[in-house]
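Dear colleague,

I am passing on the structure we spoke about, and my notes on it follow directly below. Please read them with the model open beside you.

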Amino acid sequence: MDYIKDTNGIIIYQNAINDFVTYTIIMSVALIILEVGNFIVITGRIVKRLKTTYDNFRLIEKFFIS
């Protein structure tokens, strides 16, 4: 009886470890996807701001040249 109890306990423990590893991998992948998306959004905002600044400098240049 002791062997059967230990075997069941080990099986339950292994299942818990496997579930934990699975959830950890899923969370890691989700966080990586979120960070990549965040990087793309921030890069887009920076490029938009740089384009606006460049357009403003072009406008100032036209004003002073003419």
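Lys 51 is exposed, with a relative accessible area of 55%, where exposed stands for over 50%, buried for under 20% and partly exposed for what falls in between, using a 1.4 Å probe and the protein chains only. Asp 55, at a relative accessible area of 40%, is partly exposed. Lys 51 and Asp 55 form a salt bridge whose closest N and O atoms are 3.8 Å apart, the term requiring a side-chain nitrogen of Lys or Arg within 4 Å of a carboxyl oxygen of Asp or Glu. Side chains of opposite charge can pair when their charged atoms come close. Because Lys 51 and Asp 55 are four residues apart in helix α1, about one helical turn separates them. Searching the whole structure gives one salt bridge.

This is a predicted model, in which local features need pLDDT of at least 70 and side-chain atom pairs count only at pLDDT 80 or more, while totals for chains, interfaces and linings use all residues. Residues are numbered from 1 along each chain as its sequence is written, and side-chain values use heavy atoms, with hydrogens and water left out.

The chain has one helix and zero strands, both being DSSP runs numbered from the N terminus (helices H or I, at least four residues; strands E, at least two). Of its 66 residues, 0% count as buried, and the chain exposes about 6,600 Å², of which carbon and sulfur atoms supply 71%; such areas come from the Shrake-Rupley method with a 1.4 Å probe, and for residues only the protein chains shown count as cover.

Tyr 13, Ile 17, Phe 20, Val 21, Ile 25, Val 29 and Ile 33 make a nonpolar surface patch of about 720 Å², a patch being built from residues with over 30% relative accessible area and no salt bridge, with nonpolar side chains (Val, Leu, Ile, Met, Phe, Trp, Tyr) joined within 5 Å and like charges within 9 Å. Ile 33 lies in helix α1, which covers residues 2-65, and counts as exposed at 57% relative accessibility.

Best wishes
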